[in-house]
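Please look over the structure shown here before reading the notes that accompany it.

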Amino acid sequence: EYIDKETSQKKADIKSLFIKPEYRHQGHGTNLLKKFEVELQQRGYRYIQLTYTETPNTEKLKPLLAKCG
């Protein structure tokens, strides 16, 4: 959590997201991100950022991020 200096809005930073291979392509990642978004908005956050380190596995994360915007 941090406060944006320009807007004074609360921001949240999700550091990573991993879905076990056997649970991928079933909507779990999308549902999880949507629940994060709803919960954080209810807590007053207006900006949410997902940060991750590029690894061979992040290629699997990119379609989810593109879908969720």
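## Basis of the model

This is a predicted model, in which local features need pLDDT of at least 70 and side-chain atom pairs count only at pLDDT 80 or more, while totals for chains, interfaces and linings use all residues. Residues are numbered from 1 along each chain as its sequence is written, and side-chain values use heavy atoms, with hydrogens and water left out.

## Overall layout

The secondary structure of the protein chain consists of two helices and three strands, where helices (H or I, at least four residues) and strands (E, at least two) are DSSP runs numbered from the N terminus. Along the sequence these elements follow the pattern β-β-α-β-α.

Of the 69 residues in the protein chain, 20% are buried; buried means under 20% relative accessible area, exposed means over 50%, and partly exposed lies in between, with a 1.4 Å probe and protein chains only. Among contacts (heavy atoms within 4.5 Å) in the protein chain with a separation of 6 or more, 60% are between residues 24 or more positions apart.

## The nonpolar core

I14, L17, L33, L61 and L64 form the largest nonpolar core, which has five residues. A nonpolar core is a set of buried Ala, Val, Leu, Ile, Met, Phe, Trp, Tyr and Cys residues joined through side-chain atoms within 4.5 Å. When neighbours within four places in sequence are left aside, L33 is in contact with I14, L17, L64 and C68.

T30, which lies in helix α1, is buried, with a relative accessible area of 10%. Leaving aside neighbours within four places in sequence, T30 is in contact with L64, K67 and C68.

Helix α2 covers residues 58–68, and T58, L61 and L64 are buried in it. Seen down the axis of α2, these buried residues fall within an arc of 105°, so they line one face of the helix; the arc is that of the directions from the helix axis to the C-beta atoms. Helix α1 (28–42) is included in what covers the buried residues of α2, whereas P63, A66 and K67 are exposed residues on the face of α2 turned away from its buried side.

K62, in helix α2, has a relative accessible area of 32% and is partly exposed; not counting residues up to four places away in sequence, K62 touches Y52 and E54. K60 is also placed in helix α2 and counts as partly exposed at 49% relative accessibility. K60 and F18 are 42 residues apart in sequence, and their C-alpha atoms are 9.5 Å apart in space.

## The largest pocket

Rolling a probe the size of a water molecule over the atoms shows where empty space is left. The largest pocket holds about 500 Å³ of space and is lined by 22 residues, of which I19, R24, K60, L61 and L64 lie nearest its centre.

Helices α1 and α2 each supply at least two residues of the lining of the largest pocket, and α2 gives the most, with six residues. By residue type, the lining of the largest pocket divides into eight nonpolar, eleven polar and three charged residues.

## Terms used for the pocket

On a 1 Å grid over the protein atoms alone, a pocket is an open set of points where a 1.4 Å probe fits, with protein on both sides within 12 Å along at least five of seven lines, and lining residues have an atom within 4 Å of a point. Grid points are joined across faces, edges and corners, and a volume is the space filled by probe spheres set on the points. Ala, Val, Leu, Ile, Met, Phe, Trp, Tyr, Cys and Pro count as nonpolar, Asp, Glu, Lys and Arg as charged, and the others, Gly among them, as polar.
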